[in-house]
Amino acid sequence: MKKFFTLIAVAAMAFGSQAATLDVCMGANLASALPVYGLWADTENTLGQMIYPADMLTDMAGSDITGVQFYTSVNGYEALGLEPENDDYDYIRFSGATIQLSLKVVDQLGFTEEVAVVGATPVATTSPEYGDRYITFMLDEPFHYEGGNLLVECKVIEAGTYGTCYYWVEAVEDYNPGYYEYEGYSGTVGYALGYLPAATFTYEAGETPVDPDDPHMTGKWIVMFDKNGEEHWYNMYQDPNGEENYSVMLTLHHNPWAVDVPFCFFIDGVAYGAESDMYLPAMGDADHTILNPVFEGNNMFYVPAAYTYTFGLQFMDGEVYLLVAQGTMVGVNELNSDKAVAGVRYFNMAGQEMQQAQGLTIVVTTYTDGTTSAAKVVK
């Protein structure tokens with residue numbers, strides 16, 4: 001196995017735009033034996049097996065795999081911003097061979113002896129051409145993957161020409177997740193290998209099962225995360241001033257919040273968030289409403305801690321928008337109802353102070369020791 005350099009980069013080379021994709025093992029190495037040993041592509045039953053660990057494929061668990069793509073070394077050089085060392089080997093250098101892809105979930109993480117795993121399910125075939133950059137399989141039928149270590153097998157079932165070529169791979173320490181074998185001049189030859197080829201899996205995400213006893217699977221919820229990563233769920237009730245505008249009043253000092261407080265939404269059990277992760281939404285006030293687009297997915301919005309906020313979800317023309325109004329700074333770490341009260345102030349949902357509680361109101365209480373607390377009330 002050869003090494004590019006110590007520089008490591010990740011490249012997103014999705015080959016399907018309609019399905020979800022997962023890129024794995026886009027490391028800083030190149031090698032020639034996996035996924036297909038081109039030097040023996042002229043011999044039937046030449047075999048390459050790779051076991052991708054479960055923790056590498058977590059995002060794909062519960063989904064239907066529809067495609068797998070492997071990369072020759074020229075792709076790795078380009079991703080790392082380097083010049084290929086030898087064009088003769090950095091592309092596919094065999095042709096006419098039919099390669100069969102098979103998949104199987106296995107208990108083992110790697111190969112402790114030089115013996116192939118049996119029983120993988122054939123799911124696709126392909127015939128790479130001389131000069132190709134990729135080996136791409138589109139599955140005949142989706143392979144349902146619930147999770148676990150995934151064995152990926154590439155086997156020559158129709159011989160073609162042979163030729164050495166290098167693939168983009170990632171070295172693995174401490175164990176051997178790869179294995180290849182071929183029928184040599186004196187019998188079967190097999191070797192366990194300490195690397196995994198770079199690959200892109202395409203898949204159709206499965207539906208998340210709904211727990212009928214989970215109250216968060218219906219209605220509108222805002223989910224905020226404290227400094228320990230723990231979730232805090234707040235029900236978003238309907239704004240009495242608008243039939244389609246759902247909003248909630250929150251105070252951010254009752255929990256151990258971080259400096260920036262991540263949050264997202266769940267609408268009838270579906271996650272919604274920002275277009276990009278950890279996005280600070282534009283904030284309006286009583287005179288200026290600013291709409292922030294909300295997208296289906298897990299990207300987080302965030303707001304600075306130590307303030308009160310009004311959060312609203314508005315539904316217009318089939319789209320969802322976030323409204324945020326920042327209230328007063330409270331700046332205390334916990335609520336203590338046993339303290340002596342020095343004074344009480346009232347603020348509406350836009351953060352404006354009022355003489356008394358009316359409608360949806362945030363009540364800010366100041367204690368004699370100088371600390372404050374806040375709570376939402378409906379009058």
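Glu 181 faces Gly 190, a residue of strand 12. The model is predicted; local features need pLDDT of at least 70, side-chain atom pairs count only at pLDDT 80 or more, and totals for chains, interfaces and linings use all residues. Residues are numbered from 1 along each chain as its sequence is written, and side-chain values use heavy atoms, with hydrogens and water left out.

Strand 11 (residues 178-184) and strand 12 run antiparallel, joined by 7 bridges. Strands are DSSP runs of E, at least two residues; helices are runs of H or I, at least four; both are numbered from the N terminus. Two strands pair if DSSP finds at least two bridges between them.

The open sheet has 6 strands in the order 7-6-9-4-11-12, and the pairing is antiparallel. Strand 7 (121-126) and strand 12 (187-193) are the edges; each has a single partner strand, so one side of each lacks a neighbour in the sheet. From one strand to the next, the twist averages 20 degrees (axes are lines fitted to C-alpha atoms, and angles run from 0 to 180 degrees between N-to-C directions).

The structure holds 1 salt bridge (a side-chain nitrogen of Lys or Arg within 4 Å of a carboxyl oxygen of Asp or Glu). Glu 78 pairs with Arg 133, their closest N and O atoms 2.6 Å apart. Glu 78 sits in helix 1 (residues 73-79) and Arg 133 in the loop between strand 7 and strand 8 (134-145), so the pair ties together parts 55 residues apart in sequence.

Both partners' accessibility is tabulated below. Buried means under 20% relative accessible area, exposed over 50%, partly exposed in between (1.4 Å probe, protein chains only).

| Residue | Relative accessibility | Class |
|---|---|---|
| Glu 78 | 43% | partly exposed |
| Arg 133 | 25% | partly exposed |
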